[in-house]
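Student: Could you walk me through reading the features of a model like this one? I'd like the general idea each time, and then the case at hand.

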Amino acid sequence: MKKKVLSMFIGLGIVLQLTACSITNTCKESGCDDEIYEEGYCKYHYYLKAGSDIIKDIVN
């Protein structure tokens with residue numbers, strides 16, 4: 001019983017560690033390494049996308 005509990009804690013620790021390592025703090029735009037501002041984008045790409053969305057809304 002103790003071995004099962006211990007192995008479950010070890011497994012959980014490994015999963016949490018792998019998850020933590022995969023979290024990025026950079027813009028999700030390809031090739032951009034700037035820090036995230038909002039919605040996964042840096043300031044430049046966030047406002048670029050927001051402007052593009054506004055234009056699409058006006059046209060449609």
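Tutor: Let's start with the core: the largest nonpolar core has five residues in all, namely Cys27, Cys32, Tyr41, Cys42 and Tyr46. A core here is a set of buried Ala, Val, Leu, Ile, Met, Phe, Trp, Tyr and Cys residues joined through side-chain atoms within 4.5 Å. As for burial, under 20% relative accessible area is buried, over 50% is exposed, and partly exposed is in between (1.4 Å probe, protein chains only).

Student: Before we go on, what sort of model is this, and how are residues numbered?

Tutor: This is a predicted model, where local features need pLDDT of at least 70 and side-chain atom pairs count only at pLDDT 80 or more, while totals for chains, interfaces and linings use all residues. Residues are numbered from 1 along each chain as its sequence is written, and side-chain values use heavy atoms, with hydrogens and water left out.

Student: Back to the core, then. Which residues does tyrosine 41 contact, leaving aside neighbours within four places in sequence?

Tutor: A contact means heavy atoms within 4.5 Å. With those sequence neighbours set aside, tyrosine 41 touches Cys27, Lys28, Glu29, Glu35, Ile36, Tyr46 and Lys49.

Student: And histidine 45, is that buried or exposed?

Tutor: Histidine 45 is buried, at 15% relative accessible area. You'll find histidine 45 in helix α2, which covers residues 43-59; helices (H or I, at least four residues) and strands (E, at least two) are DSSP runs, numbered from the N terminus. Beyond its neighbours within four places in sequence, histidine 45 contacts Cys27, Glu29 and Cys32.

Student: How many aromatic pairs turn up in the whole structure?

Tutor: Rings of Phe, Tyr and Trp (its six-membered ring) pair if their centres lie within 6.5 Å; planes under 30 degrees apart count as stacked, over 60 as edge-to-face and the rest as tilted. The search finds three such pairs. In one of them, the rings of tyrosine 37 and tyrosine 47 have centres 5.8 Å apart and planes at 40 degrees, so that pair is tilted. Tyrosine 37 sits in the loop between α1 and α2 while tyrosine 47 is in helix α2, so the pair ties together parts 10 residues apart in sequence.

Student: What about tyrosine 46 and tyrosine 47?

Tutor: Their ring centres are 5.3 Å apart with planes at 75 degrees, so tyrosine 46 and tyrosine 47 form an edge-to-face pair. Ring pairs link Tyr37, Tyr46 and Tyr47 into a cluster. Tyrosine 46 counts as buried at 17% relative accessibility, whereas tyrosine 37 is partly exposed at 32%.

Student: Where does glutamate 39 lie, and what is its phi?

Tutor: Glutamate 39 is in the loop between α1 and α2. Its phi is positive, about 55 degrees, although glutamate 39 is not a glycine. Glutamate 39 is also exposed, with a relative accessible area of 54%.

Student: Now charges. How many salt bridges does the search find?

Tutor: Side chains of opposite charge can pair when their charged atoms come close. The cut-off for a salt bridge is a side-chain nitrogen of Lys or Arg within 4 Å of a carboxyl oxygen of Asp or Glu. The whole structure gives one: lysine 49 meets aspartate 53 at 3.0 Å, N to O. Lysine 49 is partly exposed at 33%, and aspartate 53 is partly exposed at 31%.
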